[in-house]
Amino acid sequence: KSVKYISKNPKGLFVTWILLAVLCGGYGLLIRAIGSGTGFFLVWIALAVIFVGCSAAAQAGLWGIMPQFLRRVTLVLLCLILVLFTGIGGCIGSKMNTEGKPGLDYIIVLGAQIYERGPSAVLRFRLDKAVEYLNENPQTKCIVSGGKGSNEPCSEAEGMKKYLIRQGIPEERILKEEKSTTTAENIQYSKKFIKSKESVGIVTNNFHMFRALQIAKRQGLEDPSGIAAESTALYLPNNVDRKSTRLN
């Protein structure tokens, strides 16, 4: 019945697809405009193009003349995609509010985009959370991890260290790891500062925490503690989708 209803209401389906295309396209252009440092905004543009194609098909009445088997397969695939992203979202959400254990030996702050003017908004959230933890736990040392990208004025670790010092964290409490280019490398190269029985916390944004902890465990860290920083709500859909599609 639902398939018949959809096929008899091509105008409603057309409007739905157009609305989705406008939302995705507009959001992609917004992410591009803020200069996120990645090309993931193109995924939103691609989705907009797909939805425009779907709207054209709806307007032409192609759904109504499509074989019933093909319509059912299409609906099943859409449902599977929805279930997949819902599951991923649930996993990410389960670690978005982790506070971290007190008195850790080390915390590792994962790098992100550095500009001439300083850390990006995403990275500032991480660094401010690290400052908060370090002030509350004066014996904890901080490893700032991140190499230099082609569009960055210095290594992320160097920029992070300067920011922490400006916030009053003593230089002797800060260790730099400047070779990494991925989350996996952040953890791998930072491990050289840590002895086997020492406790470790991972500082990253809430949308990235679940994946970061999974990578840390695969890299051999025992019971890493998540310390979740905030993120800008407007950019959360882009950041969640981008992180859920990456493996390192």
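Which residue lies over the face of Tyr 115? Arg 117 does, at 4.3 Å from the ring centre, where a charge is taken to sit over a ring if NZ of Lys or CZ of Arg is within 6 Å of the ring centre and within 35 degrees of the ring normal.

## Basis of the description

The structure is a predicted model, in which local features need pLDDT of at least 70 and side-chain atom pairs count only at pLDDT 80 or more, while totals for chains, interfaces and linings use all residues. Residues are numbered from 1 along each chain as its sequence is written, and side-chain values use heavy atoms, with hydrogens and water left out.

## The chain as a whole

The secondary structure comes to ten helices and seven strands; helices (H or I, at least four residues) and strands (E, at least two) are DSSP runs, numbered from the N terminus. Of the 248 residues in the chain, 41% are buried, where buried means under 20% relative accessible area, exposed means over 50%, and partly exposed lies in between, with a 1.4 Å probe and protein chains only. Among the contacts with a separation of 6 or more, residues 24 or more positions apart account for 72%, a contact being heavy atoms within 4.5 Å.

## The sheet

Five strands form an open sheet in the order S5-S4-S1-S6-S7, and the pairing is parallel; two strands pair if DSSP finds at least two bridges between them. The edge strands, each pairing on one side only, are S5 (174-177) and S7 (225-229), and the twist averages 25° from one strand to the next. Axes are lines fitted to C-alpha atoms, for helices over the stretch in contact, and angles run from 0 to 180 degrees between N-to-C directions.

Strand by strand, S4 is joined to S5 by four bridges, S1 pairs with S4 over five bridges and with S6 over four, and five bridges join S6 (residues 200-205) to S7. One line of partners can be followed across the sheet: Leu 175 in S5 is the bridge partner of Ile 143, Ile 143 in S4 stands opposite Ile 108, Ile 108 has Ile 202 in S6 as a bridge partner, and the partner of Ile 202 in S7 is Gly 226.

## Strand S1 and the helices across the sheet

Helix H6 (residues 121-136) lies across S1 (106-110), S4 (141-145), S6 and S7, and runs at about 170° to S1. Helix H9 (residues 209-218) lies across S1, S6 and S7, and runs at about 145° to S6.

The buried residues of H9 are Met 209, Arg 211, Ala 212, Leu 213, Ile 215 and Ala 216, and the helix is followed by Gly 220, whose phi is positive, near 100°.

## Individual residues

Leu 123, in helix H6, counts as buried because its relative accessibility is 0%. Leaving aside neighbours within four places in sequence, Leu 123 is in contact with Leu 110, Gly 111, Ala 112, Gln 113, Ile 114 and Met 160, and its C-alpha atom is separated by 9.1 Å from that of Val 109, 14 residues apart along the chain. Asn 137, in the loop between H6 and S4, is also buried, with a relative accessible area of 11%, and touches Pro 102, Gly 103 and Arg 173, not counting residues up to four places away in sequence.

Thr 232 has its place in the loop between S7 and helix H10 (236-244), and is classed as partly exposed because its relative accessible area is 28%. The C-alpha atoms of Thr 232 and Phe 125 are separated by 8.9 Å, although these residues are 107 apart along the chain.

## Aromatic rings

The charged end of Lys 179 sits over the ring of Tyr 189, 4.6 Å from its centre. A search of the whole structure finds zero aromatic pairs; rings of Phe, Tyr and Trp (its six-membered ring) pair if their centres lie within 6.5 Å, with planes under 30 degrees apart counted as stacked, over 60 as edge-to-face and the rest as tilted.
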